[in-house]
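Please read this report with the sequence and the 3D view side by side.

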Amino acid sequence: MALTLYVDTARWRAHHKHVQQQFPGLVPVCKGNGYGFGHGRLAEEATRLGSDVLAVGTTYEAARIKDWFGGDLLVLTPYRRGEEPVPLPDRVIRSVSSVDGVYGLVGARVVIEVMSSMKRHGVSEQDLPQLHSAIENVRLEGFAIHLPLDRTDGSDAVEEVIGWMDRLRAARLPLHTMFVSHLKAEELARLQQQFPQTRFRARIGTRLWLGDHEATEYRGAVLDVTRIAKGERFGYRQQKAASDGFLVVVAGGTSHGVGLEAPKALHGVMPRAKGVARAGLATVNRNLSPFVWAGKQRWFAEPPHMQVSILFVPSDAPEPQVGEELVAHLRHTTTQFDRILDR
């Protein structure tokens with residue numbers, strides 16, 4: 001009995017091909033938990049796509065993935081002097097976001113990140129004159145810019161990239177390759193048309209692996225079902241049941257990421273109101289689970305356990321049967337499945 005990730009493989013791969021066609025020179029991203037699929041599976045899919053470069057989050061990820069992917073590996077986390085050395089092959093390319101970082105990677109293959117409106121990391125315009133001598137002792141693979149997802153000020157992503165292209169060109173720095181993130185296909189095409197001598201390569205993870213929501217589905221197997229009457233006590237904390245119903249034990253707990261959720265940016269009055277409502281219910285131990293039964297998301301009977309969750313299904317709903325599976329609306333980037341099944 002397991003928490004299973006089902007993949008409609010033909011549909012999933014068709015989506016990969018569609019994204020690849022939209023973004024020539026695509027660099028797939030495989031970081032974190034492998035977007036819910038695992039590093040090995042995504043390395044295999046990147047190879048299937050014919051990718052020559054696979055982007056990973058850290059040097060530790062690169063050390064693991066190098067045995068699964070035969071092309072170049074681009075580490076997205078910028079190099080810092082004093083970091084723990086990790087043995088890596090020459091086909092690993094390091095991101096650098098400071099002049100000092102470039103000087104610290106003599107002989108290495110590097111991509112230099114420029115500071116975007118994300119304000120996360122990157123070299124500044126004032127740093128550019130110092131890069132001339134710094135890049136003499138490295139193998140420069142290109143520059144990179146990581147753009148924000150939302151532009152609430154109405155600014156144009158393409159114009160931001162053009163601004164940096166103009167600065168780099170004015171500084172007489174090599175512009176053969178520019179790695180970009182979070183651009184639309186038509187935006188990438190505009191840039192490629194305006195700068196035909198530069199190869200623009202989109203680094204894409206979420207849109208590539210998770211862009212077709214209908215291609216994947218999590219399901220948790222029902223392990224046990226116990227009828228319970230109003231007022232009966234149950235669980236670790238011996239709470240009383242609020243009404244007649246069923247306690248349903250389903251595969252999927254905190255070790256799988258069930259009940260764990262990354263904070264979300266809320267825009268608008270209604271999403272904020274719903275957030276406040278959910279927080280209010282949580283104070284009285286009412287938390288909605290990700291599991292669906294009979295067309296409705298069901299409530300946790302108590303906080304999820306390590307490997308299972310206990311749900312409360314009211315008596316007016318059909319009784320789940322042991323061995324049935326409940327669809328689970330889970331976030332791929334925070335979920336660890338027991339098994340993955342292609343269909």
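## A residue in a loop

Is Gly 211 buried, partly exposed or exposed? Gly 211 is partly exposed, because its relative accessible area is 37%, where buried means under 20% relative accessible area, exposed means over 50% and partly exposed lies in between, using a 1.4 Å probe and protein chains only.

The model is a predicted one, in which local features need pLDDT of at least 70 and side-chain atom pairs count only at pLDDT 80 or more, while totals for chains, interfaces and linings use all residues. Residues are numbered from 1 along each chain as its sequence is written, and side-chain values use heavy atoms, with hydrogens and water left out.

Gly 211 sits in the loop that lies between helix H8 (206–210) and strand E10 (216–228); helices (H or I, at least four residues) and strands (E, at least two) are DSSP runs, numbered from the N terminus. Apart from neighbours within four places in sequence, Gly 211 is in contact with His 15 and Thr 206, contact meaning heavy atoms within 4.5 Å.

Glu 61 belongs to helix H3, which covers residues 59–65. Glu 61 is buried but has no salt bridge, and Arg 64, the nearest side chain of opposite charge, is 4.7 Å away. A salt bridge is a side-chain nitrogen of Lys or Arg within 4 Å of a carboxyl oxygen of Asp or Glu; for charge, Lys and Arg count as positive and Asp and Glu as negative, while His and the chain ends are not counted.

The side chain of Glu 61 does reach the backbone nitrogen of Gly 57, at 2.6 Å. When residues up to four places away in sequence are not counted, Glu 61 touches Cys 30, Lys 31, Gly 32, His 39 and Val 56.

## A covered strand

In strand E1 (residues 3–7), five of the five residues are buried. In a regular strand the side chains alternate between the two faces of the sheet. In E1, Leu 3, Leu 5 and Val 7 point one way, whereas Thr 4 and Tyr 6 point the other way.

E1 runs antiparallel to E10, and five bridges join them; two strands pair if DSSP finds at least two bridges between them. E1 also pairs in the parallel sense with strand E18 (residues 339–342), over four bridges. Leu 5 stands opposite Tyr 218 in E10, and in E18 the bridge partner of Leu 5 is Ile 340.

Technical notes. Polar contact = N/O pair within 3.5 Å; in protein donor to acceptor, adjacent residues only side chain to side chain.
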